[in-house]
Amino acid sequence: MPMIIEPRAGDAEDDASSTKKRSLIAIAGSMLGEINLPKLALAWIILALLPGVLLGLAPLVATAWFTSMSGRIYALAGIGPLILLALIAALGWFGFRPLFRAAERSFWSLNSLAVQPGYALCREGLRHLAERFLTTEASEDKRAGLRAATAIGAGLAAFLMAAGIAALAWPATRWSGEIADLANPLRLVVPALANTVTVMSGYLAVASLAWGLADGLMDQPRDLGSYDEAPPSARKWRVVHLSDIHVVGERYGFRIESGRAGPRGNERLAQVLERLDEIHAQEPLDFVLITGDMTDAGRSAEWAEFLDAMARHPALAERSFILPGNHDVNIVDRANPARLELPTSPGKRLRQMRTLSAMAAIQGDRVRVVDQDRTGLGSTLSAALEPHRKTIAAFADAGSLRLSAGLANIWDDIFPMLLPPAEADGLGLVLLNSNAETHFSFTNALGLVSEEDMRAMLAILRQYPKARWVIALHHHPVEYPKPAKAFSERIGTALINGSRFVRQLKPMSHRLVAMHGHRHVDWIGRCGPLKIVSAPSPVMEATDDEATGFYIHTLAAATDGGLALLAPQRIEVAPRPDAGLSS
């Protein structure tokens, strides 16, 4: 007798987080009913209120302290200033990097929490409305001009709103303190909060306007008009570009975003690897690049399935390279988008260490990390991790907060990873971590390449003036110039600092190709001279009876010293007849 409910086919519960089956508004509504309010309040206090109050108190306490202490310091007949200078120098020498990282993380967290969502909402809303008035025959120049205008308009709108809030809070501010304030700190609460609102709103106003101008004045993304050509004698490299394979740990498992609309189990990945083995035997591949989201939620069982799949294809594994995606490190709970972690939770660190362990297993002896000064190549990834193996293993076993705190720098220090070119004018790989710091499943998708990693990458690229490079990251640097059917498709998950990322690479863009995943869609285009390649997901964007696909890209040494992108080869992955229920 047929099953009334076929458990292997899934049901509505599998669609809880699916943006393919439910709208973002519906997911947000469910989330509001399930969210842990005490944990949310505590996270808000730690991430926003406490830093905000400290920011507002800083000028009051600093001026009061300086008034009381300045006389004592200078009473030391000239020795005091020297001591103070020595203390400042010592703080800068020993604490610059961690302080810089903490400041940068806080700066970009502020942008990701306040500036970027509001600005992106304005920008994409304006674009969505404006594009309704464009005809299908509208030129690419007109579309690019529209994108630039809406970016500047969104920045201006956000600027006016934030500036208005700052103006309302300004009368209650006070910027200098007195000695009496230190004896009665409660009198500082109101001016401190007013200072905080004013400073934050003022920053948001300036940042939003700067963001809009940066996006509007940069080279706008365009579809690639034509592929390059190279003479038959040119050096060529065949690069398989995979992304967003979202391996699950259950035989009949479903993916977070696609729910039961996507292929079940991990059968598609098995088919992809088998097909690649056949292709490699006929015409060798140089690199198999997987630009993030190897797993659906960064769980141990998912990494085990992924590593087992790679182990069955050693010829592919020895030329494979992976980098972290948001699903590998930022998903708090795959079954509940309302789930959030406190910033002190070791959960995220555990997901990072699982990802790091997998990267070491796949490519640890081939890729290099940057040196301590972050200006040159250092040791291999495996060698860099060797002193920390026992600590990482102990943390994975115990999951304690004490062990977690010491692992933050290990994760930060290994990026960017690089595979140097074999020859001075050969092809190298740069593997970046483009995941922003988030602790909430619903906001897991935000992207960021840290300033420190960007500078290190540029320093290495300058040391190889003749080399060509693939810059690999998970997030897309810019939103694509493609019409969207629904407004929910437009909400930005691109790099928070994408315009800066593209600008920094511009001087050497003729030698680069940027490859990424994250959006699961097929797009090849450019921002100015920088070519950008998006990988479709061979797993996510189809029902079980539909074919999926991926690309093999051929890169070539151009005669002008640049990197040519030739027409790619698309590989179709047709479902097996029994793939739906026996994966």
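**Reading salt bridges and a helix face**

Guide: Arg 260 and Asp 15 join their side chains in a salt bridge, 2.7 Å from N to O. This is a predicted model, where local features need pLDDT of at least 70, side-chain atom pairs count only at pLDDT 80 or more, and totals for chains, interfaces and linings use all residues. Residues are numbered from 1 along each chain as its sequence is written, and side-chain values use heavy atoms, with hydrogens and water left out.

Visitor: What is a salt bridge, and which parts does the pair Arg 260 and Asp 15 tie together?

Guide: Side chains of opposite charge can pair when their charged atoms come close. The cut-off is a side-chain nitrogen of Lys or Arg within 4 Å of a carboxyl oxygen of Asp or Glu. Here Arg 260 sits in the loop between strand 2 (236–242) and helix 7, and Asp 15 in the segment before helix 1 (24–34), so the pair ties together parts 245 residues apart in sequence. Helices (H or I, at least four residues) and strands (E, at least two) are DSSP runs, numbered from the N terminus.

Visitor: Is Asp 15 buried or exposed?

Guide: Buried means under 20% relative accessible area, exposed over 50%, and partly exposed in between (1.4 Å probe, protein chains only). Asp 15 is buried at 5%, while Arg 260, at 32%, counts as partly exposed.

Visitor: Which residues of helix 8 are buried?

Guide: They are Glu 302, Trp 303, Phe 306, Ala 309 and Met 310. Seen down the axis of helix 8, these fall within an arc of 125° (using directions from the helix axis to the C-beta atoms), so they line one face of the helix.
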